[in-house]
Amino acid sequence: MTDTRPWTEKNIDSMLSLAAEGGGMDAVVVVTGSAVQEAFWQARLEAGRGQICGPDALVLAVEEDWPGGAGNGLGTLYALSKADAKARALYGVGLLDELGTHRAVALYHTAGKGQRLAPLPGSESNNKPAVKLPGALDIGGRLTPITVLEAAIRQTAIYAPSRRGRLSVFWGDQIFIPDLPVAYAASHHVDILCSLRGMPTRAQWAAEGMDRYGLIAVRADGEASQVEKIDYDMAERLIRSEVIGVEGGIGVSYGSFSMSSALTQALLTEFAPELRAKSGKLDTDPHFWMPLTLDARTYCATMAGKGVPETKAVAHYGRMERVKNGLPRSDGCLGLFGAVDVGRTAWWWDYGVLGGYVANNRLMLEGHAEARGLRRFLGAAARETNACGPALQLDSESVLVNCTITSGTIQRSVLVDVIADSVCAQDSVIVACGAPSIRAEGALLYNVCKRESVSAGQGEVQAGVCLPPGRFLTLHTRLDRNGREDWE
């Protein structure tokens with residue numbers, strides 16, 4: 001019988017079943033910001049095998065110990081080099097060798113302060129990807145909230161069958177559910193996830209804010225170009241001058257990409273001096289994809305707008321030309337840079353900012369298909385994980401995961417890992433909290449554990465921090481504040 005359900009639903013089915021069935025990525029590399037985080041994620045993901053990644057997956061957490069940060073371009077290459085050495089030490093195999101033998105390798109970037117999500121990363125000892133979501137995993141026989149990173153690994157596993165012999169790179173703070181089939185035949189040295197559409201009108205361009213994003217433009221032959229944050233007039237000029245083509249569509253880049261083994265090795269070779277010295281900072285869009293897909297004149301003009309001297313832009317363009325010209329012509333890749341469409345109505349849940357974190361958790365309270373999909377994806381649909389007393393008045397909309405609550409009233413709220421005698425919550429999100437009584441209205445409580453009652457009003461945010469030796473600090477902010485500005 002033909003399955004007529006939307007692809008979003010069918011893709012969630014695949015995401016939930018892959019790890020248990022031994023599918024997904026053959027190797028999972030996590031780039032962390034410290035040695036402590038490296039140890040945490042190595043242990044955590046090994047314990048989550050069969051739920052997040054496959055039972056036999058190589059788990060490799062590495063620290064990006066690069067002064068000042070490497071950028072996601074050099075950072076990817078540096079992490080891959082470190083993971084290759086760690087794989088030899090832990091598993092007796094080289095990660096780069098695994099790529100060459102058609103194994104699927106995924107790398108997740110998590111380093112960074114998480115200022116836009118503040119104060120939640122601070123509540124997790126500055127471990128941004130460990131921020132908790134309303135779902136549960138069995139870690140060492142104990143129900144434990146799923147983290148943002150684990151959700152991202154679960155979601156992206158569906159690309160593994162199409163990416164044997166390729167390195168996939170994802171961001172550890174966003175989850176997307178494609179509304180198109182995800183199986184495809186990789187036909188380019190680089191392919192990047194994006195949401196494609198026909199060339200919009202000027203009004204559509206403005207309404208959709210396309211000038212705020214990196215864009216992927218696809219020619220009729222499937223070859224694509226990366227352009228960064230351009231307005232409608234600039235896009236039209238680039239099309240008229242045939243610098244880019246949009247016959248195959250144009251759309252917002254998701255940033256996540258995959259590379260052939262050949263291109264991965266070529267980049268490692270070209271930038272070996274920087275990797276050895278741990279010097280420089282290169283990002284994928286302006287320093288890899290744009291010089292690979294744009295002509296020298298357009299590239300240098302674009303970089304001049306970023307304050308990069310022409311001599312420096314020309315020199316870097318020459319290095320990327322050397323990478324491109326050195327690629328083998330007989331490795332099965334038909335092109336250089338391609339696009340993988342996730343669909344115009346894909347679900348995209350960004351947990352990298354505080355407002356997005358609250359909005360996406362509140363999304364689960366709704367009754368439409370996307371809300372049901374999010375609840376199912378995170379494992380928040382069943383209430384059997386809770387131990388609630390008969391005196392608790394709980395509406396049908398609220399979502400509770402692994403909570404022990406004796407009494408109270410809960411309306412249109414999301415609670416995970418909450419222990420309290422009494423909870424009165426309305427339009428709130430409460431995560432990993434414990435107190436004799438909790439009262440919240442339109443608020444976010446996160447990791448708040450106290451011996452006295454806890455209360456938060458409209459728009460308030462409270463996040464708890466454990467400080468040695470056994471001290472507890474509560475950080476306070478509001479949903480309408482900019483966490484990055486506060487921490488700066």
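Visitor: How many helices and strands does the protein chain have?
Guide: In this predicted model, the protein chain has 16 helices and 24 strands.

Visitor: What makes the radius of gyration of the protein chain agree with that of a compact globule?
Guide: A compact globule with 488 residues would have a radius of gyration near 23 Å, and the protein chain has 23 Å, so the two agree. Along the principal axes, the C-alpha atoms fill a box of roughly 70 × 55 × 55 Å.

Visitor: What percentage of the residues count as buried, and how much of the accessible surface belongs to carbon and sulfur atoms?
Guide: Of the 488 residues, 56% count as buried. The accessible surface comes to about 20200 Å², and carbon and sulfur atoms account for 51% of that area. As for contacts between residues at least 6 apart in sequence, 59% join residues at least 24 apart.

Visitor: How many aromatic pairs does a search of the whole structure find?
Guide: The search finds 16 aromatic pairs. One of them is formed by Trp205 and Tyr232, with 5.7 Å centre to centre and 80° between the planes.

Visitor: Why is the pair of Trp205 and Tyr232 called edge-to-face?
Guide: The centres must lie within 6.5 Å and the planes must be over 60 degrees apart.

Visitor: Why are Trp205 and Tyr232 called buried?
Guide: Buried means under 20% relative accessible area. Trp205 has 3%, so Trp205 is buried; Tyr232 has 13%, so Tyr232 is buried as well.

Visitor: What makes the pair of Phe288 and Trp289 edge-to-face?
Guide: The ring centres of Phe288 and Trp289 are 5.9 Å apart and their planes are at 65°, so this pair is edge-to-face. Both residues, Phe288 and Trp289, are buried. Ring pairs also link Phe288 and Trp289 into a cluster with Phe257, Phe271 and Phe337.

Methods: Residues numbered from 1 in each chain as written. Predicted model: local features only at pLDDT ≥ 70, side-chain atom pairs only at ≥ 80, totals over all residues. Heavy atoms only, no water. Phe/Tyr/Trp six-rings, centres within 6.5 Å; stacked < 30°, edge-to-face > 60°. Buried < 20%, exposed > 50% of the residue type's maximum accessible area, 1.4 Å probe, protein only. Helix = DSSP H or I, 4+ residues; strand = E, 2+ residues; numbered from the N terminus. Rg over C-alpha atoms; globule rule 2.2 N^0.38 Å. Contact = heavy atoms within 4.5 Å. Areas by Shrake-Rupley, 256 points an atom, 1.4 Å probe, with all protein chains shown as cover.
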